[in-house]
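Subject: Structure handover

Hello,

Here is the structure you asked to look at. Please open it next to this email and follow along. My notes come after it.

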Amino acid sequence: MSLGYLFGGGVGTEPRGLELYRTYETVQSWYEQVSAWTGLTVRQILEEDLPTAQEERQSIGTVREAALAIGVHDVLASFGLRPAAIGGLSLGAMTASCLAGALGRRELFDMLAGSRDAPEPPAGDPRQGIAIAFGPLAEGAPSHPGESVPGIHLAGDFGPTADGTRRIMMLAGHAEALGALAAEAPPGTVVPLPRRTIAVHTPLRRPYRDFMAPRIDAIPFADPELPLLSCLEPKVLRTAADVRDLFQRNSTNPISLVDVYSGMKQQGVRLGLVMGPSIPEGILAFPFPVVHIERPEHVEQALTTAYDLGIDLSGVPGLS
């Protein structure tokens with residue numbers, strides 16, 4: 001095995017995918033299909049401002065990011081490039097599950113579009129938020145800067161920085177507590193993200209998880225057709241039950257990029273292709289080279305990098 005696909009977990013608020021859409025007919029056809037399934041126009045998916053209501057905004061944002069990631073996958077497939085292992089974070093884990101054959105594309109987008117009906121938080125509830133945090137790598141250091149602070153949870157672990165000096169994490173919880181932590185911590189240690197009002201991957205998302213549970217239970221999952229790496233624990237998801245469990249726990253459990261890329265390394269991955277912009281480029285330490293694909297020129301970069309690494313591209317036109 002040699003090629004792995006990694007799908008990020010961010011929910012996009014900015015227009016994305018326009019260049020790919022304008023360049024490739026396969027992407028144009030794909031967005032038309034997503035539009036038919038979700039009731040959103042192609043323009044809404046690609047470039048319009050998202051609505052202000054929290055759950056509707058989150059829902060359309062997930063449709064936007066999953067459509068882009070699968071569009072990139074389809075472009076690569078048109079060149080004969082396919083992964084030997086696959087995984088992702090958060091939304092990316094669900095997208096990866098779909099491309100591993102564990103559920104159909106229609107089922108994935110029906111679920112994402114249907115999440116817009118999740119009830120909004122009660123008006124009196126504390127505001128929620130997300131922050132990026134930088135922690136030390138030293139043994140015995142706190143697990144994250146907000147450890148033991150009420151209202152703050154470790155929501156994600158992205159692993160060491162490329163220079164090996166710090167660890168990047170995602171904190172989520174009550175916005176007021178995150179703001180206070182950012183003010184008390186050394187400058188740049190905790191950075192609250194603007195316009196992020198959902199404490200993803202924490203127990204605060206339990207109402208959303210309960211709302212989505214029967215909808216996930218109704219999805220006809222299948223066993224993955226290739227190694228599918230979990231972002232919730234160090235594990236290869238091998239059965240339909242494994243994938244259903246990931247979907248059910250995804251909204252309330254912390255995620256780990258380390259679990260995904262370490263699992264890929266164990267599967268023999270020598271090159272990772274990151275679909276979309278949600279995993280920061282050049283900041284994190286991966287155990288293999290990675291190419292981020294968001295625009296048409298990145299597709300050629302992925303093909304030439306694979307060729308340079310000696311990965312079999314016998315099915316790729318012009319590179320055999």
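Helix α10 (residues 257-266) is largely enclosed by the rest of the structure, because seven of its 10 residues are buried. Buried means under 20% relative accessible area, exposed means over 50%, and partly exposed lies in between (1.4 Å probe, protein chains only). Helices (H or I, at least four residues) and strands (E, at least two) are DSSP runs, numbered from the N terminus. The buried residues in α10 are Leu 257, Val 258, Asp 259, Val 260, Tyr 261, Gly 263 and Met 264. They pack against β1 (3-7), β2 (85-88), β4, β5, β7 (228-229) and β9 (255-256). Contact here means heavy atoms within 4.5 Å.

A word on the source. This is a predicted model, where local features need pLDDT of at least 70, side-chain atom pairs count only at pLDDT 80 or more, and totals for chains, interfaces and linings use all residues. Residues are numbered from 1 along each chain as its sequence is written, and side-chain values use heavy atoms, with hydrogens and water left out.

Next, helix α7 (residues 175-184). Its buried residues are Ala 175, Ala 177, Leu 178 and Leu 181. They sit on the same side of α7, because they cover an arc of only 160 degrees around the axis. That arc is taken from the directions from the helix axis to the C-beta atoms. Glu 176, Ala 183 and Glu 184 are exposed on the other side of α7. The buried residues of α7 pack against β3 (128-136), β4 (152-160), β5 (166-174) and β6 (190-192).

Now a helix pair. Helix α2 (residues 25-38) packs with helix α4 (residues 54-78) at an angle of about 145 degrees, and their axes are 10 Å apart. Axes are lines fitted to C-alpha atoms, for helices over the stretch in contact, and angles run from 0 to 180 degrees between N-to-C directions. From α2, the contact residues include Trp 30, Tyr 31 and Val 34; from α4, they include Val 63, Arg 64 and Ala 67. The residues of this contact divide into nine nonpolar, three polar and two charged. Ala, Val, Leu, Ile, Met, Phe, Trp, Tyr, Cys and Pro count as nonpolar, Asp, Glu, Lys and Arg as charged, and the others, Gly among them, as polar.

Take one residue of that contact. Val 63 lies in helix α4. Val 63 is buried, with a relative accessible area of 1%. Leaving aside neighbours within four places in sequence, its contacts include Val 34, Thr 38 and Phe 109. Val 63 and Met 111 are 48 residues apart along the chain, with their C-alpha atoms separated by 9.6 Å.

Met 111 belongs to helix α6 (residues 105-114), where Leu 108, Phe 109, Met 111, Leu 112 and Ala 113 are the buried residues. Their cover includes α2, α4, α5, α8 (206-217) and α9 (240-249).

Which residues touch the most other members of the largest nonpolar core? Tyr 31, Phe 109 and Leu 273 do, in a core of 93 residues. Helix α4 gives the most to this core, with 10 residues. A second, separate core of nine residues includes Ala 131, Ala 133, Leu 171 and Leu 178. A nonpolar core is a set of buried Ala, Val, Leu, Ile, Met, Phe, Trp, Tyr and Cys residues joined through side-chain atoms within 4.5 Å. In soluble globular proteins, nonpolar side chains tend to be buried together.

Best wishes
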